[in-house]
Amino acid sequence: MSIPVMILRGGTSKGAYFLKDDLPDESDVRDHLLLSIMGSPDPRQIDGIGGAHPLTSKVAVVNRSDDPEADVDYLFLQVQVDQPRVSAEQPCGNILAGVGPFAIERGLVEAQRGTTAVRIRMVNTGALATVTVPTPGGRVEYSGDTVLSGVPGTASRIEVEFRDTAGSVAGSLLPTGRVVDDLDGVPATLIDNGMPVVLMSARSLGVTGYETPAQLEADGRLRRRMEELRLLAGKLMGLGEVGESTVPKMCLTSPPAKGGTLNTRMFIPHRVHASIGVLAAVTVGTAVAMPGSVAHTTAGETIRVEHPTGFSDVVIDLDAGRSAVVSTARLLLEGRVHPHRKTENNG
């Protein structure tokens, strides 16, 4: 058995993109198959196509939508690297950037001349997004001069505008009803504008916020404290026991170091992101624009979120409920993937 697949880089992540009809209908059978395809559980994912990191062990499942406001449905699945677990708890804005090109390449959406707007329903949350893809001559154009921090080189500009993302996972923009909460003595803003995030000043955790991801991950004291606070925040946000969950994400903030609006270090939740996820950046940007939050600062409509490998620009208009980001994507491979035969026999 082999299954058609495309591998695309979307934003600062990389994933395997499948048509829904090419995968089993039953979620448990599908997830078992995807674990085999990606090579999990194994820290190296040596017997699969995963990249041995949460940012490169992602899956998009796409199909035509029956929602009159969407062209396609997009289910995001996070395949754990070293555990036999597939999570559908949250969407992924990075992989979302590749859904537009994938839908056009697979014929789910007809390419227009100039640009093609692909309306996408994110199945994980029900929220809607529009991904505008350059299609000169009626074909997806991947080459361009847009720079995306955390991605080498340049690519064509893809615009991702979000709708109805407030409270998409935790139920409301401010799940506790407060702009600032006390997490065991640490002031924190618990917010969800597409991704549940807990924002805290890096200083309140005894670090500067300018450490490298490796330095933060090597700090056992910090990691233990962050997990204690995450478990507490999960309950306050109505997410329940989050010990086995990938949300909420934990964000350490500090003053900008390179001319941006603020600096971040994002725990996702136990590794530290080399950059920042798209929906996490949107949520952080929303907190920046929100008076009274731990991250609030005076900024224009465009907020530059600094991260370990550069920056992400987000456009936030709280009054209009508008959230958008600039991204890029690139098709890396198109072919067929061969799952482990044991999986075929069991599935």
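Visitor: Why is Asp-184 called exposed?

Guide: Its relative accessibility is 52%, and exposed means over 50%, buried under 20% and partly exposed in between (1.4 Å probe, protein chains only); therefore Asp-184 counts as exposed. This is a predicted model, in which local features need pLDDT of at least 70, side-chain atom pairs count only at pLDDT 80 or more, and totals for chains, interfaces and linings use all residues. Residues are numbered from 1 along each chain as its sequence is written, and side-chain values use heavy atoms, with hydrogens and water left out.

Visitor: What makes Arg-225 and Asp-184 a salt bridge?

Guide: Their closest N and O atoms are 2.8 Å apart. A salt bridge is a side-chain nitrogen of Lys or Arg within 4 Å of a carboxyl oxygen of Asp or Glu, so the pair of Arg-225 and Asp-184 qualifies. Salt bridges with shared partners also join Asp-184, Arg-225 and Glu-228 into one network.

Visitor: How do you know that Arg-106 and Glu-334 form a salt bridge?

Guide: The N to O distance is 3.1 Å, which is within the 4 Å of the rule. Arg-106 lies in the loop between α2 (93-105) and β6, and Glu-334 in strand β19 (residues 329-337), 228 residues apart. Helices (H or I, at least four residues) and strands (E, at least two) are DSSP runs, numbered from the N terminus.

Visitor: Why is Arg-106 partly exposed, and what is Glu-334 counted as?

Guide: Arg-106 has a relative accessible area of 23%, so it is partly exposed. Glu-334, at 53% relative accessibility, counts as exposed.
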